[in-house]
Amino acid sequence: MSLKSVETGAITKALNLFPGNHTPLITLVWLKEERHGQDARRIVEKMLKYSCGPYGETAIMGGDAQLAWGILLPEKFTPLTCWSIYENGKELCLFEGEMYEDLPHLKLIPGDNPGISPHIAAHMRERPDRRLANLNGMYSGIYVDSRHSSAYAFGDQTGTRSLFWISDASRFIVTGNLWAFRGCDCLDRQWDKMALMEMLTIGIPMAGRTWLAEVSQLQRGRQVISSKDDSTKVRMLLEPT
């Protein structure tokens, strides 16, 4: 796993330049095994385009052919909307949400908040099995630790912010828009028959199932961890102590 850094100044300068009326959308593609003709950057680009059409082409992107990420930012947003990008060559953290309160020693502003992601990265470095303290709002995020060849996806405790994911021996893909998987070249898209049956009988798919086989929705209060050694864990986060 490698993390290709980008200039923080360039990110900050570009954050408010793109048009649209959408909430922030984050996407990550990690190809754990090399596949002929597949490039994580190209997959992220296509997923964002299939999510939002031409507007998806305005996303900020980073990474390389193995691990790539993108975040699609709005020009117009509510006073509670914020996002943050942190990358240091060893770690990557993407965050977006509607935040109700400031963090300790960090006043939040609408739009880009560079201090949030380092705060989250520090927490994930030390206590990844604990709920993120002091984050009050609806949010989603991704954290990648290249030193341990692992990646995490997490959301708010109410599950209001959606994250959809797939993890196996060859890939870990996360996005906030289920439609994005239409642009995912490394996924053999098939209907999840159990999800369809549950929709017809009880009105909603259960246990995080989605219409697409293999693709799951992150359930409230949970975190998914995907590792290079072919392990995938979904765990309920404990309360902070």
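Buried means under 20% relative accessible area, exposed means over 50%, and partly exposed covers what falls in between. Keep those cut-offs in mind as we walk through this predicted model.

**Aromatic pairs**

Phenylalanine 77 also belongs to an aromatic pair. Searching the whole structure turns up three such pairs. In one of them, the ring centres of phenylalanine 77 and tryptophan 83 are 5.1 Å apart with planes at 80°, so the pair is edge-to-face. Another brings together tyrosine 143 and tyrosine 152, with centres 5.8 Å apart and planes at 45°, so this pair is tilted.

| Residue | Relative accessible area | Class |
|---|---|---|
| Tryptophan 83 | 0% | buried |
| Tyrosine 143 | 0% | buried |
| Tyrosine 152 | 11% | buried |

**The seven-stranded sheet**

Now let us look at the strands. Seven of them make an open sheet with mixed pairing, and their order is β6-β4-β5-β7-β8-β12-β13. At the edges you will find β6 (111-112) and β13 (232-236), each of which pairs on one side only. Packed on this sheet is helix α3 (residues 116-126), which touches β4 (81-87), β5 (91-99), β7, β8 and β12 (222-227). The direction of α3 makes about 60° with that of β4.

Which residues of α3 are buried? They are Ile116, Ser117, Ile120, Ala121, His123 and Met124. Looking down the axis of α3, you would see these buried residues within an arc of 160°, so they line one face of the helix. Their cover includes β4, β5, β7, β8 and β12.

Inside the sheet, β7 (residues 137-145) and β8 (residues 150-155) run antiparallel and are joined by six bridges. For instance, serine 140 has glycine 155 in β8 as its bridge partner. The loop between β7 and β8 holds serine 149.

**Two positive phi angles**

Most residues other than glycine have a negative phi. Serine 149 is not a glycine, yet its phi is positive, at about 50°. Glutamate 214, also not a glycine, has a positive phi of about 80°. You can find glutamate 214 in the loop between α4 (193-201) and β11. With a relative accessible area of 46%, glutamate 214 is partly exposed.

**The six-stranded sheet**

Another open sheet has six strands in the order β2-β3-β1-β10-β9-β11, with antiparallel pairing. Its edges are β2 (60-63) and β11 (216-217); each has a single partner strand, so one side of each has no neighbour in the sheet. Five bridges link β1 (residues 25-31) with β10 (residues 171-175) in the antiparallel sense. Tryptophan 30 has phenylalanine 172 in β10 as its bridge partner. The ring of tryptophan 30 also has the charged end of lysine 32 sitting over it, 5.1 Å from the ring centre.

Helix α2 (residues 40-52) lies across β1, β2, β3 (67-72) and β10, and runs at about 150° to β1. In the loop between α2 and β2 sits alanine 59. Is alanine 59 buried or exposed? Its relative accessibility is 14%, so alanine 59 counts as buried. Leaving aside residues up to four places away in sequence, alanine 59 touches Leu48, Ile71 and Leu72. Its C-alpha atom is 9.8 Å from that of tryptophan 69, ten residues apart along the chain.

Terms used. Residues numbered from 1 in each chain as written. Predicted model: local features only at pLDDT ≥ 70, side-chain atom pairs only at ≥ 80, totals over all residues. Heavy atoms only, no water. Pairing = 2+ DSSP bridges. Helix = DSSP H or I, 4+ residues; strand = E, 2+ residues; numbered from the N terminus. Contact = heavy atoms within 4.5 Å. Axes fitted to C-alpha atoms, helices over the stretch in contact; angles between N-to-C directions. Buried < 20%, exposed > 50% of the residue type's maximum accessible area, 1.4 Å probe, protein only. Arc of directions from axis to C-beta. Phe/Tyr/Trp six-rings, centres within 6.5 Å; stacked < 30°, edge-to-face > 60°. Lys NZ or Arg CZ within 6 Å of the ring centre and 35° of its normal.
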